Amino acid sequence: MAAPNDYFSVGSQVACVTCLGQKIHGEVLAFDYHSKMLTLKCPSSSGKVGVCDVLLLNLALVSEVDILAESSEPPPVLTSLNTNKLSSRVHSEVEEKLSHAHAVSMGVSPEGILLFQTIQKTIKECKWNEKNIIVLEDVVISPPYRVENCKGREGSALTHVRKIVEKHFKDVDQAKSGQPLAQQQAAQREAPLSL
């Protein structure tokens with residue numbers, strides 16, 4: 001455990017051993033003396049190039065800390081935050097959660113909630129109108145939220161939404177069966193036809 005007078009400068013390389021015996025090596029991103037929290041940038045556990053893991057370590061739960069290389073460079077200047085962008089993001093996230101809560105309170109089925117979330121990943125212009133999903137102000141999906149329940153002006157928007165709904169339920173059925181979709185399709189092709 002680090003002594004109370006230890007201080008870790010940003011950019012230093014440290015190696016730690018947790019109380020569970022896990023060895024961690026990384027670059028110091030931040031250190032809070034009062035809470036004894038150390039933030040390390042470590043090589044990516046996924047193995048992806050160009051990304052890293054950021055770990056928060058409570059030094060009260062660390063049995064060993066070794067400073068491998070002390071940084072002589074001054075810490076980098078912190079970039080300024082775009083508070084307008086952050087506020088906008090918070091506002092949109094709160095609106096989304098309130099919309100989700102309202103849908104649940106209206107009695108929307110779990111299938112409807114999941115479909116709404118799937119559509120919203122692709123099309124942000126998606127909202128609830130009581131139990132109906134409104135997409136692009138043009139397409140209405142009513143319960144039980146299947147392809148045949150997609151109504152709207154014929155065109156590319158309706159066709160696109162129908163494809164999303166169809167794929168969503170194929171993926172849900174595939175997950176329920178536990179079989180990859182390619183295996184399911186192969187099994188259907190090989191099954192004898194009954195007349």
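**Briefing: the largest pocket and the surface of helix α1**

By class, 1 nonpolar, 3 polar and 4 charged residues make up the lining of the largest pocket. The model described here is predicted. Helices α1 (83–105) and α2 (110–122) each give two or more residues to that lining. Helix α1 also holds Val90 and Val104, which are treated below.

**The largest pocket**

- The space in the largest pocket amounts to about 160 Å³.
- Its lining consists of Glu96, Lys97, His100, Phe116, Gln117, Gln120, Lys121 and Lys124.
- Helix α2 supplies the largest share of the lining, with 4 residues.

**The nonpolar surface patch**

- A nonpolar patch on the surface is formed by Val90, Val94 and Leu98.
- Together, these residues have about 270 Å² of accessible area.
- Val90, one of the patch residues, lies in helix α1.
- Val90 has a relative accessible area of 53% and is therefore exposed, as the cut-off for that class is over 50%.

- Val104 has its place in helix α1.
- The relative accessibility of Val104 is 47%, so this residue counts as partly exposed; that class lies between under 20% for buried and over 50% for exposed.
- In sequence, Val104 and Lys131 are 27 residues apart.
- In space, Val104 and Lys131 are 9.2 Å apart, taken from C-alpha to C-alpha.

Definitions and conventions
Residues numbered from 1 in each chain as written. Predicted model: local features only at pLDDT ≥ 70, side-chain atom pairs only at ≥ 80, totals over all residues. Heavy atoms only, no water. 1 Å grid on protein atoms, 1.4 Å probe; cavity = no way out; pocket = protein on both sides within 12 Å on 5 of 7 lines; lining within 4 Å. Points joined across faces, edges and corners; volume = space filled by probe spheres on them. Nonpolar A, V, L, I, M, F, W, Y, C, P; charged D, E, K, R; others polar. Patch = residues over 30% accessible without salt bridge, like charges linked within 9 Å, V, L, I, M, F, W, Y side chains within 5 Å. Areas by Shrake-Rupley, 256 points an atom, 1.4 Å probe, with all protein chains shown as cover. Salt bridge = Lys/Arg side-chain N within 4 Å of Asp/Glu carboxyl O. Buried < 20%, exposed > 50% of the residue type's maximum accessible area, 1.4 Å probe, protein only.
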